[in-house]
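Dear colleague,

Please find the structure below, together with a short account of what the analysis found. I would be grateful if you would read the two side by side.

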Amino acid sequence: MTAGAGVLEATQGTATEPAAEGEVLLKGCEAIAEAAIRSGIDAYFAYPITPQTDIPEYLAERLPGLGKTYTQANSEISAINMVYGAAGAGRRCMTSSSSPGISLKQEGISYIAGAELPCFIVNVMRGGPGLGTVYGSQEDYWQSVKGGGHGGYRMPVMAPATVQECADLTMLCIRLADLYRTPTLLCLDGTLGQMWENLRFGKFDESGLPPKDWATTGRKGGRKPNLISSIIIEPPDLEAHNRELHAKYARISQREQRWEEYQADDADVVIVAFGLAGRIARTGVDLMRAAGRKVGLMRPISLFPFPVDGFRPLVNRPRKWLVVEMNAGQMVEDVKTTLFDLGRLDPVKFYGRQGGVIPTPEEIADVVEREFPKGGAR
Amino acid sequence: MTGTVTEGAVLPRVEFDAQICKGCGVCIEACPEDIIEYAGTFNHRGVRPTQLVPDGLVRCSACGNCAVVCPDSAVTVDNLRKHLHYGKNALRIGDMHYCPGCDEGTVHELLAEVIDELGIKEVAVGVASVGCTVFAYRYIDIDWQQAAHGRATSVAWGIECQHPELRVFTVQGDGDLAGIGIGETFHAAARGDPTVIIFLNNAIYGMTGGQLAPTSLMGQVTSTSLAGRNVKDHGYPIVMTEALALQEGCSFAVRTSVHDAPSIRKTKKYIRQAFLNQAKNKSLSVVEVVSACPSGWRLDPVDAHKYLVEHLFPVYKPGVIKEPPGGMPR
């Protein structure tokens, strides 16, 4: 019996909160790894980097015993290209890294997007640019949702705020990858990756996933050859291919938006924050509500597609908006664009901490008071 | 390359496909009877295709050299006396984009023949890398994956770790294998991946128009080493296959060429042995084919093959570099 499996068999609790029946105590990275196993991944391709190394360690222990593949590659670049090969051969596969390693994978992700291969990628974000720090941050929002690699592709990006969501969104990402033949990205900050919480594993939804009859499994029975490729030299052909890709992204945008709205309905000030910043802002909302201020939260869970539909009910009257991120202001651009597209010119302020510094709920409450004084005209 | 044909006449049957011919002239050079010439008219490519001289058939010994050396598989020879057939294999499809006289076409023909003759076309999966080989999937009628520049062996491992029954091979140039992908290449050897690497070393970046490559020779003039390669600016050419052979996970390593009919026949044997070794030893097999790049070298195709023998062989010596345990596969 492996240690990982042992952990899962026991029903445990945190120091402050006893676990309910069926719950387990895991850290964010481990929850992702276990959820990936429960989603039926066939192969995982690794390269160590802090703060995501708990994922390869967990899977190195578990996968071989399940008859699945664990390969530690010689680099992040090699790992993502092994994903390309295995995904192209029709298998459900995964890689993970942290910010500098995700930068290295971008070329491969672009090829995977171009060749329309399903795979699951995890970025446990650390502070940057450059080698930066191993402490958690959200400085890769742009890289995650605006393409990252070359060529203008998009991919579903999910941002958990709890260890429970780490598991749930892993299962969702792996499903969406197969459903849309696309890479998917789970994007969390390093702090959440290292955070212990109780969670309950759901069941992976296999329903309605298309067959992988395009895979390079050898042309047995004389079937027509299959080709996995992203090279389309003739401009009209590539334009047609890209139009199909973007039609797919439009379908994804329509169907796969996810968000959490918290006390935003009657709020005069709505905080927009994702991931850990969203979770902290939620506590900040409670503080401010207790102090008598009508403040709410809109927490995007899908970063691509950006949850425009979540904003629709909130643009029925003028409100004030505060975007809180653990970066210098990235998602705030999408919030402004969304509000503008929905016909609103409400004031949008930004507050960010950088380099691995985590804001506190009190800090966020102070910022709301400073930017939008109660009864003030700012 | 060989097969039985119906006995009909004493004279051989020789056909030159004037539409496919790129006029490189290597068949003229390879003919021992001196009975091949350029036609007086131009084909749709704007070149004069080759043909037999008048009464050439009478002097033809049906050795098949012209068919064997044609990089575009445009020549067919039926030796009706010995029941031998030389020409394009059924798995070799499509007109190739390669320049006239490029050795890559010859290697594709050999790969198609070996895959066909070993009966592995239903389990063979090729990985085409970036460089001139990027379109390799257009020319052999099997499953293919096209890999990012330098990453072919990683992609190959991704396939074969999931499907051990598949016979995975890569076709890689020197920029791909020895430049940008050198890390991937060495780790494939270190892991002992059951991949067959066909390494086309022409000492230049061909597809981008002839720039200095990791394997370019000392003194070699390229579009980015106009005064010739020198140590101060460019360092030394890298010798890959011997280095790969040092790794425990590489069980078979040879260096060969396809510059004339005998070397082509030998290369076919090596490629066959590499696939046999793949099945038997489940570890890395490397076939380096020292190749001519007439366009990149700014040489006539026939002169390019002479340059290859005179200048590349002293640095990249042909021969068996590492025999698998138990001797060469049969």
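Chain A has 13 helices and 16 strands (DSSP runs numbered from the N terminus: H or I of at least four residues for helices, E of at least two for strands). Its radius of gyration, taken over C-alpha atoms, is 21 Å, close to the 21 Å of the globule rule for 378 residues, so chain A is as compact as a globular protein of that length; the rule is 2.2 Å times the number of residues to the power 0.38.

This is a predicted model: local features need pLDDT of at least 70 and side-chain atom pairs pLDDT 80 or more, while totals for chains, interfaces and linings use all residues. Residues are numbered from 1 along each chain as its sequence is written, chains are lettered from A and ligands numbered from 1 in the order written, and side-chain values use heavy atoms, without hydrogens and water.

Of the 378 residues of chain A, 58% are buried (under 20% relative accessible area, with exposed over 50% and partly exposed in between; 1.4 Å probe, protein chains only).

The C-alpha atoms of chain A fill a box of roughly 75 × 55 × 40 Å along the principal axes.
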